[in-house]
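Welcome, and let us walk through this structure together. Take a moment to look it over before reading on.

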Amino acid sequence: MNPVKLIATVLIIAGVLGLAYGSFSYTQNTTVAKVGPISINADEKHTVNVPMWAGIGSIVVGALLLAVGGRKN
């Protein structure tokens with residue numbers, strides 16, 4: 001498979017997933033306090049919203065790459 005087609009396919013899939021789910025979350029472990037050998041850790045949950053324009057843009061760019069990348073000069 002051509003690398004351009006592979007990148008285009010990944011962009012299209014990422015765009016569709018971004019539109020379908022709208023956001024994703026992850027957990028970050030941070031150290032709150034550390035006194036000698038004792039440390040207190042806390043898990044912080046972060047949510048990242050994927051803008052609709054980013055999903056649509058990813059699909060459009062992927063489609064353009066598929067259309068242009070498939071042409072042979």
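Helices (H or I, at least four residues) and strands (E, at least two) are DSSP runs, numbered from the N terminus. Axes are lines fitted to C-alpha atoms, for helices over the stretch in contact, and angles run from 0 to 180 degrees between N-to-C directions. What you see is a predicted model, in which local features need pLDDT of at least 70 and side-chain atom pairs count only at pLDDT 80 or more, while totals for chains, interfaces and linings use all residues. Residues are numbered from 1 along each chain as its sequence is written, and side-chain values use heavy atoms, with hydrogens and water left out.

Let us start with the overall layout. The chain has two helices and two strands, and along the sequence they come in the pattern α-β-β-α. The C-alpha atoms fill a box of roughly 65 × 25 × 15 Å along the principal axes. The radius of gyration of the chain is 20 Å, whereas a compact globule of 73 residues would have one near 11 Å (taken over C-alpha atoms; the globule rule is 2.2 Å times the number of residues to the power 0.38).

Now to the helices. H1 (residues 3-21) packs with H2 (residues 52-69) at an angle of about 155°, and their axes are 7 Å apart. The two are therefore roughly antiparallel, a term for angles over 145 degrees. The contact of H1 with H2 involves 15 nonpolar residues, five polar and one charged. Here Ala, Val, Leu, Ile, Met, Phe, Trp, Tyr, Cys and Pro count as nonpolar, Asp, Glu, Lys and Arg as charged, and the others, Gly among them, as polar.

Finally, the strands. E1 (residues 23-35) pairs with E2 (residues 38-49) in the antiparallel sense over twelve bridges; pairing requires at least two bridges found by DSSP. Ser25 has Thr47 of E2 as its bridge partner, and Asn29 has Asp43 of E2. E1 and E2 form a hairpin with two residues between them, and Gly36 in the turn has a positive phi of about 60°.

Methods:
Parallel < 35°, antiparallel > 145°, perpendicular 65-115°, else oblique.
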